[in-house]
Amino acid sequence: MECTSLTVVEIPAGEVGTSGFYSCDSLKQVVLGEDVKKVYYEAFGKCRSLAEVHFYGSPTMETKVFEASSAISNVYCHTTTPPSAGWGSFDNQVYMNATLHIPAGSADTYANAYIWQNFWFVEEDATAIHTVNADKGWYSIEGQSIHAPGASVFTLDGRPVKQDTPLPPAVYIIVRGNEAVKVALK
């Protein structure tokens with residue numbers, strides 16, 4: 001899959017398949033919602049511009065989920081229960097250079113959790129709530145509907161879909177000018 005303009009991926013629920021976003025060089029941010037259950041092998045591998053990852057739940061991650069995505073500088077875990085992570089989930093450069101942001105009071109839990117204990121820089125945040133994509137307020141998802149004024153919405157195979165109407169569970173691409181965001185509806 002050629003991925004040249006997708007900068008943000010927000011997945012509220014479900015699973016992220018093997019190599020689903022592999023080599024998506026323009027991707028800068030990944031947001032995994034609280035209802036994401038599993039992230040498969042190399043789902044976000046070789047995403048060379050990926051700088052920020054948010055976990056709002058505790059999905060199970062297979063091995064090498066973020067392999068060769070060594071530009072990650074911030075990982076936000078918004079729950080006190082660390083996601084279950086497989087061997088090599090992140091590159092060594094990420095463990096040594098990125099900051100792991102966790103909820104206040106959960107340092108011991110993360111320090112004893114496989115993979116998460118490898119992060120050299122850990123910050124306990126006063127709140128687990130962070131503003132994500134505050135500058136990207138040009139679209140919203142309400143239930144099974146996508147609302148994106150001035151943008152177009154497509155299925156993964158490029159078929160346009162109508163906004164503000166209930167859509168079936170699937171992954172959709174929202175395009176506005178030179179920006180594109182991939183979202184998954186449960």
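**A walk through the model**

Modeller: Let us begin with Asn 74, which is found in strand β5; strands (E, at least two residues) and helices (H or I, at least four) are DSSP runs, numbered from the N terminus. This is a predicted model, where local features need pLDDT of at least 70 and side-chain atom pairs count only at pLDDT 80 or more, while totals for chains, interfaces and linings use all residues. Residues are numbered from 1 along each chain as its sequence is written, and side-chain values use heavy atoms, with hydrogens and water left out.

Biologist: Is Asn 74 buried or exposed?
Modeller: Asn 74 counts as buried, at 18% relative accessibility. Buried means under 20% relative accessible area, exposed means over 50%, and partly exposed is in between (1.4 Å probe, protein chains only).

Biologist: And what does Asn 74 touch?
Modeller: Leaving out residues up to four places away in sequence, Asn 74 touches Ala 51, Glu 52, Val 53, Ala 98, Thr 99 and His 101. Contact means heavy atoms within 4.5 Å.

Biologist: Which residue in β7 stands opposite Asn 74?
Modeller: That is Thr 99. β5 and β7 run parallel and are joined by three bridges; two strands pair if DSSP finds at least two bridges between them.

Biologist: What about β7 on its other pairing, with β8?
Modeller: Five bridges join β7 to β8 (residues 121-125), and these strands run parallel. His 101 stands opposite Glu 123 in β8. Five of the five residues of β7 (residues 99-103) are buried, so the strand is largely enclosed by the rest of the structure.

Biologist: New topic. Which residues touch the most other members in the largest nonpolar core?
Modeller: Phe 44, Phe 55, Phe 66, Phe 90 and Trp 116 do, in a core of 37 residues. The elements giving two or more residues to this core are β1 (6-16), β2, β3 (52-55), β5, α1 (92-97) and β7. A nonpolar core is a set of buried Ala, Val, Leu, Ile, Met, Phe, Trp, Tyr and Cys residues joined through side-chain atoms within 4.5 Å.

Biologist: What does Phe 90 touch?
Modeller: Among its contacts, not counting residues up to four places away in sequence, are Phe 55, Phe 66, Tyr 95 and Trp 116. There is also a second, separate core of 13 residues, which includes Val 8, Ile 146, Leu 167 and Ile 174.

Biologist: Now charges. How many salt bridges are there?
Modeller: The structure holds two salt bridges, each being a side-chain nitrogen of Lys or Arg within 4 Å of a carboxyl oxygen of Asp or Glu. One joins the side chains of Glu 62 and Lys 38 (3.7 Å, N to O). Glu 62 lies in the loop between β4 (60-61) and β5 (74-77), and Lys 38 in β2 (residues 29-39), so the pair ties together parts that are 24 residues apart in sequence.

Biologist: And where is the other?
Modeller: Lys 64 forms a salt bridge with Glu 67, with the closest N and O atoms 3.7 Å apart. Lys 64 is partly exposed, at 22%, and Glu 67 is partly exposed, at 23%.

Biologist: Last one: which residues make up the two faces of β11?
Modeller: In β11 (residues 152-155), the covered face has Val 153 and Thr 155, and the uncovered one Ser 152 and Phe 154.

Biologist: What does β11 pair with?
Modeller: Four bridges join β11 to β13 (residues 170-176), running antiparallel, and Thr 155 stands opposite Tyr 172 there. Two bridges join β11 to β12 (residues 160-161), also antiparallel, with Phe 154 opposite Pro 160.
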